[in-house]
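Hi,

Here is the structure I promised to pass on. Have a look at it first, then read my notes below.

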Amino acid sequence: MTGPDLTVFAEKLSRQYRAHAAVRDVTLELRRGEILGFLGPNGAGKSTTMRMLTGNLAPSAGSVRICGIDLMARPVAAKTQIGYLPETPPLYRDLTVDEFLQLAARLHRVAAARVGQAVERAKQRCGLSETGRRIIATLSKGYQQRVGIAQAIVHEPKVVILDEPTVGLDPNQIRETRELIRELGNSASVILSTHILPEVEAVCDRVQIMHRGHAVFSGSIANLKQLRSAGGIEIALRASPAHADIAGLPGVAGVDDLGDGVFRIRHEPGSDPTDAILARAVERQWGLFRLASAETSLEQVFSELTQEDAAA
Amino acid sequence: MLALAAKELRALFVAPLGWVVLALLQLILAWLFLARLDVFLQIQPQLSHLPNAPGATEIIVMPLFASAAGVLLMTVPLLTMRSIAEELRQHTMAFLLSSPLSMTAIVLGKFLGLMAFLLIVVALAGAMSLTLFAGGTIDAGLLLANLLGLVLLSASFVAAGIYISCLTAQPVVAAIGALALLVGLALIDFSVTDPQSPLHVFSLLRHFGNFNKGVLDTADIAFCLLFVIVFLVLAIRRLHGERLRG
């Protein structure tokens, strides 16, 4: 299970804080160039898992391999491959951006001759080119967050782990940060934690959902949507037909009357009754004025998954 | 590790703390130095009649270094208080823990950075003493013993201070804790009246006293080195424990 492409492989990670289990049996895989969204409500164990993946916290059980290197057995070798932005950006507020990034590069063993170049590149990627000489304490929160990301990527690690990188940013900065993360995905594997679902949709290739310390879902975004294909088709009609008229159409599994001539049609997996509905609506003069795919939003899926688990 | 040490030294000088401490220490030591120089010049005529009279080194340098030891005991806790506690408080510890540095390298980096600063202080005291060469001769052996003693004493103070700084996320608490520990060790000499008591072994200032008199005893050197090692190992273990407990 340690192919050359596997940059992060965490097996059955658990973390116990006295009586409270913050993370239980979480297994996680990441391939080169993949962006994994780590999703869950606050307190689900996302940050704890990320701290374990980066060697900041020792797991109670389980193992972590970074690019095939065991994080417990050879922490120093494994950590050269990781860039980590914790929940609170770790910044030395007295230093200038340049000084701080130089320090980050040196500590991450960037060759002395290449430090300047690495710092310039990280600044350019994070939009900090103009702010190199400013003292970090004087920067706005958004810029401080960028410095936090810059220190995580200055040594061009194979694995970048970002804990809620867009928290506290304005919409423009969020968009820029997402672009940056997507760009990072070209050269490195990225794990990104968030509780903002559109962010996952916009950026990630795969998603892992955590709830109460458990991984409740892991798969591609399309998988996630398929899993809950409860969406169906929504139609709005001027002349309301009988319920059975719609339910009788081929491929239709069920019809919900939402009132005011609006129906939600659940279809059987794999079949698409759109054409049949359209034909029937014209034939019977139902006065169809809207037909839209009522795709389950990630939010719905998310709340269903997590609530199910809570009920179980 | 050296990059971290350089950062520690820098951190003292980007904030006013380093400069202020350096300036005040130098002011105090220069004052003591000049006061002793005055004394020496006053009693010099009488001394010249005595056989085997104490020289400038005994009358000026010895008390200067003895006072320097006392002053460092008070100031080193102020320098070490931030070393780990501030990292914990500002959440920057994660930056160090996720960089490819072993826990040992982190603690040693901190230690070396602070020692570099204290070497400047000791060097300035030494440089002041060397100016006595301008007007006479000094006992170089005695001066070297004092310099070595002060370096070892500073190292012991720094190691203890770093350990105390691991125990809390509040730098001020760390300063008070370290000060209490160091003063406590110094008070052994005053409170334990029996000169044969084994407790005296733990008095750092008593060990320094031997260096101060120009006595180079391996037992004193070994004690200081052990003291440093014990507290640095304790600090490393403490940080490992922190990682386990979370």
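**Strands in chain A**

Strand 7 (residues 159-163) of chain A runs parallel to strand 8 of chain A, and five bridges join them. Strands here are DSSP runs (E, at least two residues), helices are DSSP runs too (H or I, at least four), and both are numbered from the N terminus. Two strands count as paired if DSSP finds at least two bridges between them.

Before going on, a word on the model: it is predicted, so to speak of a local feature we need pLDDT of at least 70, side-chain atom pairs count only at pLDDT 80 or more, and totals for chains, interfaces and linings use all residues. Residues are numbered from 1 along each chain as its sequence is written, while chains are lettered from A and ligands numbered from 1 in the order in which they are written.

Back to strand 8 of chain A. Leu192(A) in this strand is the bridge partner of Leu162(A). Strand 3 (residues 35-39) of chain A also runs parallel to strand 8 of chain A, again with five bridges, and there Phe38(A) has Ser193(A) as its bridge partner. How many residues of strand 8 are buried? Six of the six in strand 8 (residues 189-194) of chain A are. (Buried means 20 or more other C-beta atoms within 10 Å of the residue's own, exposed means 12 or fewer, and partly exposed is in between; C-beta atoms are placed from the backbone.) Ser189(A), Ile191(A) and Ser193(A) point one way from the strand, Val190(A), Leu192(A) and Thr194(A) point the other way, and all are buried.

Then there is strand 11 (residues 233-237) of chain A, which runs antiparallel to strand 13 (residues 262-267) of chain A, with four bridges. Strand 11 of chain A also pairs with strand 14 (residues 288-293) of chain A, antiparallel over five bridges.

**Where the chains meet**

The contact takes 24 residues from chain A and 19 residues from chain B (two residues are in contact if their C-beta atoms, placed from the backbone, lie within 7 Å). On the side of chain B that touches chain A, helix 1 of chain B gives the most, with five residues. By class, that side of chain B has eleven nonpolar, six polar and two charged residues. (Ala, Val, Leu, Ile, Met, Phe, Trp, Tyr, Cys and Pro count as nonpolar, Asp, Glu, Lys and Arg as charged, and the others, Gly among them, as polar.)

Which way does helix 3 of chain A run relative to helix 1 of chain B? Helix 3 (residues 97-107) of chain A and helix 1 (residues 2-14) of chain B pack at about 155°, with their axes 9 Å apart. (Axes are lines fitted to C-alpha atoms, for helices over the stretch in contact, and angles run from 0 to 180 degrees between N-to-C directions.) That makes helix 3 of chain A roughly antiparallel to helix 1 of chain B (over 145 degrees; under 35 is roughly parallel, 65 to 115 roughly perpendicular and the rest oblique). The contact is made by Leu103(A), Arg106(A) and Leu107(A) of helix 3 of chain A and Ala3(B), Leu4(B) and Lys7(B) of helix 1 of chain B. Its residues are four nonpolar, no polar and two charged.

Cheers
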